[in-house]
Amino acid sequence: MSDTESKEPLNFIEQIIEEDLKNGKHGGVVHTRFPPEPNGYPHIGHAKSIVLNFGLAEKYGGKCNLRFDDTNPEKESSEYVEAIKRDVEWLGYEWHGNALFASDYFDRLYEWATELIKKEKAYVDDTPVEQIRAERGTPTEPGKESAYRNRSVEENLTLFSEMKDGKYPDGAKILRAKVDMASPNMHMRDPILYRIRHVEHHRTGNSWCIYPTYDFAHGQSDSLEEITHSLCTLEFEVHRPLYNWIIEQLEIFPSRQIEFARLNLGYTIVSKRKLLQLVEGGYVSGWDDPRMPTLSGIRRRGYTPNAIKNFIHKVGIARRDSITDVALLEYSIREDLNKTTNRVMGVLDPVKLTITNYPEDRDEELTAINNPEDESAGTRKLPFSNEIFIERADFMEDPPRKFFRLGPGREVRLKYAYIIKCEDFKKDGDGNITEIICTYDPDSKSGQDTSGKKVKGTLSWVSAKHAETVEVRLYDRLFKTENLNEIEDDFLNHLNTDSLSTLDNVKVEPSLKNAQAGSRFQFERQGYFVVDQDSGDTKKIFNRTVTLRDNWAKQSRK
RNA sequence: UGCCCGAUGGUGUAACUGGCAACACGUCUGAUUUUGGUUCAGAAGAGUCUAGGUUCGAGCCCUAGUCGGGCAACCA
């Protein structure tokens, strides 16, 4: 694997890995990890990290751990742990061994803290929060050393042990590293290693009342797991000197931190905090609302793991901030679904069409191809009769020249059936078309057409008396602003109020009667749909995953 | 008036580590098509943030600047 010469260009992380491999670093082992904090549901941005970390391990024959960074019990819960596991598995990855937790290392971390104290590299500080903050200085001014900075090793050891034993209330004391209060890097100005929190942890319960900070837990966790390449996003770059400092002081396995730019998507928000706001504020139905960029939302929307992975690969990995065009995501899902999904007939906005010369009592079974992209998908029977439904948008009373569909006197083909001609139509008092009257050409049956006619348009349809009525939920982007990083007002002001529209009188062919939740279909000429989990036995619900590309719509917009 | 990153078509990434910018998406043509889908053929679109420098030669190296991002939670 690792010695395969691929022609694919390598991203900068792969270049680093291949260089390490060449130099025999870590004995040619590649070991990565996906390290989420269980404080929210994973979203498309996390997918980038998941695909990167697990993908690299796969590519180089290495391993990838799943490790929860659960050092802040106040925000974390096992609900999130489960959601994260589910999503990683859904994407098709298997973590190495059991799921791991930073909290598994609390004992070890405590020992290491003690070790740092003994080396005079850490001390207990009684300074109040506000003062600590003030003494840290600003980016342009150096900080001031704490009055407690030079306590004796013995005193620090005693105090730290008492902190652990619960002798002090929250915030009374902290453990800090002794680095350099004048460092131009704020994170090196005696960073906090442990804080007192008398709260229950979702895994360790009440056995601890002091918890390590990210900086004191993450690097050592990587080290304990012998992570060779520790990948994280750009904002942790300034933490890297501290990450390395701790590893050096403790003389432990030297994992290497490498940062890459997080994923930004147009019209999409990727912030757990804001996503939580959408859920709690009732702007969406939940974490798995199909409009949400969460993996659970995307999954419910009908996206496939393959599409997500391909999308991430197409986006690439780099160190510069960027915002990816949603069109790339949509392309990825269409590309996948086009090849894998069966076609069916569905009419979203039905209008009745009567074929006057077709016998009322006649039922015909036509043969339809399930997937023109996949012959093995076979064919199915489609019932036809004198009354059918077609899409309201497929008829125009006064059509423009480039409109290939139905209009007075025009002819079109009904897919898999006959060529029909519009003879007349009816309208109600408001001018809405209520019925289209046609005749058909008996010699034009699909597959045995002897009519010699050529028509430009082919319509999808559903036989009225055989149709199933279902509900369809059409989704649009949740926000109306493309770059949500640039806005200055509340992001909620940018919500697209028309992001969901529900159609409750959609007609579909009878083969869909027993479609199971999670099954995906292409409604011919419309888009890709997935059966929603809310579907009842009486009425199915279909979520529209994405529309088909539509050159006509594009052209008619001009 | 600090430190650290980054800057390549509309968007996202490449450029064999110095040899005269490529791929994908998007856009536009045309062909095929019983999905205005798919597929196929093709086109337009950047001279690589700016100014210097090194070099036979710079998107790649150096210097300065500009612009963008990050860093002052007992968050991660």
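Predicted model: local features only at pLDDT ≥ 70, side-chain atom pairs only at ≥ 80, totals over all residues.
The contact involves 28 residues of domain 1 and 25 residues of domain 2. The C-alpha centres of these two domains are 31 Å apart.

The domain assignment places residues 3-126 and 196-260 of chain A in domain 1, and residues 265-342 and 470-557 in domain 2. Domain 3 is assigned to residues 346-460.

Polar interactions also occur across the interface. Between domain 1 and domain 2, eight residue pairs are in polar contact, with both residues at pLDDT 80 or more. Three salt bridges are found across the interface of domain 1 and domain 2. A salt bridge joins the side chains of Arg299 and Asp87, with an N to O distance of 2.9 Å.

On the side of domain 1 that touches domain 2, two or more residues are contributed by each of α1 (12-22), α2 (44-59), α3 (78-90) and β9 (256-260). The largest share comes from α2, which supplies eight residues. By residue class, this side of domain 1 comprises 15 nonpolar, seven polar and six charged residues.

Definitions and conventions: Residues numbered from 1 in each chain as written. Chains lettered and ligands numbered in written order. Heavy atoms only, no water. Domains from an automatic or database assignment. Contact = heavy atoms within 4.5 Å. Salt bridge = Lys/Arg side-chain N within 4 Å of Asp/Glu carboxyl O. Polar contact = N/O pair within 3.5 Å; in protein donor to acceptor, adjacent residues only side chain to side chain. Helix = DSSP H or I, 4+ residues; strand = E, 2+ residues; numbered from the N terminus. Nonpolar A, V, L, I, M, F, W, Y, C, P; charged D, E, K, R; others polar.
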